Amino acid sequence: MLRFLTAGESHGPCLTIIIEGVPAGLPLTEDSINKELGRRQKGYGRGGRMKIEQDQVRILGGVYRRPRGAIGATTGAPLALQIENRDWANWQEEGWPPLTVPRPGHADLAGALKYGGADARPILERASARETAARVAAGAVAKALLAQFEIQIGSYVVEIGGIEARITPEERLADLAARAEASELHCPDAAAAETMREWIDTMRQAGDSVGGVFVVFATGVPVGLGSHAQWDRRLDARLAAAMMSIPAIKGVEIGPAFENARRPGTQVHDEIIVAQNARGWARASNRAGGIEGGISNGEPIIVRSAMKPIPTTVAPRRSVDLASGAAAATQYQRSDVCAVPAASIVGEAMVALVLADALIEKLGGDSLAEMKAHMSAAPL
Ligand SMILES: Cc1cc2nc3c(=O)[nH]c(=O)nc-3n(C[C@H](O)[C@H](O)[C@H](O)COP(=O)(O)O)c2cc1C
């Protein structure tokens with residue numbers, strides 16, 4: 001079982017990550033994790049924080065120490081990772097200012113009431129999506145493991161503020177991801193990306209914010225991850241829970257699920273056809289998004305997620321001061337206008353973590369070598 005925990009506040013000294021269950025012998029570098037952290041920090045529409053932070057991970061445990069320059073590998077012990085918050089230096093002297101006027105859409109009101117105070121500051125410090133940097137670091141480790149089995153994860157943005165990217169079903173996922181990687185909006189459709197960028201500018205000028213939709217996919221996934229046998233082993237359920245755990249993600253579908261719901265069954269279910277390949281069969285389409293019966297079916301896994309608009313807006317919203325009980329307008333906290341491109345990178349991390357967990361469960365073994373030996377006996 002692969003599991004991870006994160007700790008740390010947005011304006012605290014650092015984020016801490018512990019990952020347990022990574023098999024021994026997986027080559028791992030800080031550079032490979034930093035590359036993913038850098039991808040999360042990009043994207044048009046981010047706020048000032050991303051100019052301050054240049055996330056760098058430190059591996060503090062779980063990797064065999066080799067001479068400087070040589071690549072270390074995991075030992076099978078828990079991995080301990082740390083990411084410094086550069087912004088901490090700006091907050092150290094004054095400390096955290098109280099926040100007693102909760103922002104609609106954020107964790108402020110429910111969190112302050114739940115944890116017993118009028119001050120939502122400790123709530124937003126932890127609810128802040130700064131925590132997603134820790135997830136991306138954990139996800140980079142999961143991706144390194146999956147890559148050993150030629151499982152690749154990618155993502156692309158398909159909608160921002162109601163502006164939809166035009167994507168034809170025939171396009172290869174790898175091509176879409178490559179075009180997204182070159183786009184500030186992480187969107188493969190350059191024309192749509194330009195309109196999205198203009199819309200973000202309009203929203204920024206209006207003191208408003210936007211949300212959107214992104215796709216995360218996994219290719220090379222073997223048949224047999226997850227199980228139909230128990231509710232909490234179903235791969236689709238595990239993926240949906242993982243995506244919904246990302247702040248501001250409010251909808252998840254596997255494949256084009258909502259569109260499928262509007263079509264007759266004969267136009268949805270992917271026919272199985274005889275083929276001249278190692279399996280002897282192939283699927284005529286992939287509207288199931290790579291999962292049937294809670295089990296990966298050998299097709300690419302496709303997960304679409306909807307992100308709500310960023311809750312913090314320059315334009316004030318009606319609220320109540322929890323300290324006085326009087327009506328009060330929200331006060332702006334430095335914020336993103338749009339974080340859909342960044343959320344898609346966080347989504348990749350969460351999909352990678354779920355698939356790595358399911359792969360370890362499927363193959364067993366304490367080392368990468370054992371896992372690979374078991375893989376050769378698994379169904380194609
Ligand atoms: C990558 C990323 C960046 C985010 N940036 C902000 C932000 O700058 N300001 C903000 O108010 N919310 C931001 N959010 C969303 C909030 O963290 C989220 O809405 C809040 O924690 C409440 O949780 P909920 O929306 O899941 O209910 C961001 C989310 C993600 C995934």
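1. Which residues of H7 are buried? In this predicted model, the buried residues of H7 are Ala192, Ala193, Met196, Ile200 and Met203. They cover an arc of only 100 degrees around the axis, which places them on the same side of H7, and they pack against strand E7 (152-160) and strand E8 (163-164). On the other side of H7, the exposed residues are Ala190, Ala191, Glu198 and Gln205.

2. The length of helix H7 (residues 190-205) can be checked as well: at 1.5 Å a residue, its 16 residues should span 22 Å, and the end C-alpha atoms are 23 Å apart, which agrees. Just after H7, Gly207 adopts a positive phi of about 70 degrees.

3. Strand E6 (residues 79-84) has a covered face made of Leu79, Leu81 and Ile83, and an uncovered face made of Ala80, Gln82 and Glu84. In a regular strand the side chains alternate between the two faces of the sheet.

4. E6 pairs in the antiparallel sense with strand E2 (residues 14-20) over six bridges, where Leu15 has Ile83 of E6 as its bridge partner. E6 also pairs in the antiparallel sense with strand E4 (residues 57-61), over four bridges, and here Arg58 stands opposite Gln82.

5. The largest nonpolar core holds 92 residues, of which Ala137, Leu353 and Leu355 touch the most other members; helix H10 (residues 340-363) gives the largest share of this core, 16 residues. Leaving aside its neighbours within four places in sequence, Leu353 is in contact with Leu2, Phe4, Ala138, Gly139, Ala142 and Ala242. Another core, of seven residues, lies apart from it and includes Leu99, Ala112, Ala120 and Ile123.

Terms used:
Residues numbered from 1 in each chain as written. Predicted model: local features only at pLDDT ≥ 70, side-chain atom pairs only at ≥ 80, totals over all residues. Core = buried A, V, L, I, M, F, W, Y, C linked by C-beta atoms within 7 Å. Buried ≥ 20, exposed ≤ 12 C-beta atoms within 10 Å, placed from the backbone. Helix = DSSP H or I, 4+ residues; strand = E, 2+ residues; numbered from the N terminus. Contact = placed C-beta atoms within 7 Å. Pairing = 2+ DSSP bridges. Expected span 1.5 Å × (residues − 1). Arc of directions from axis to C-beta.
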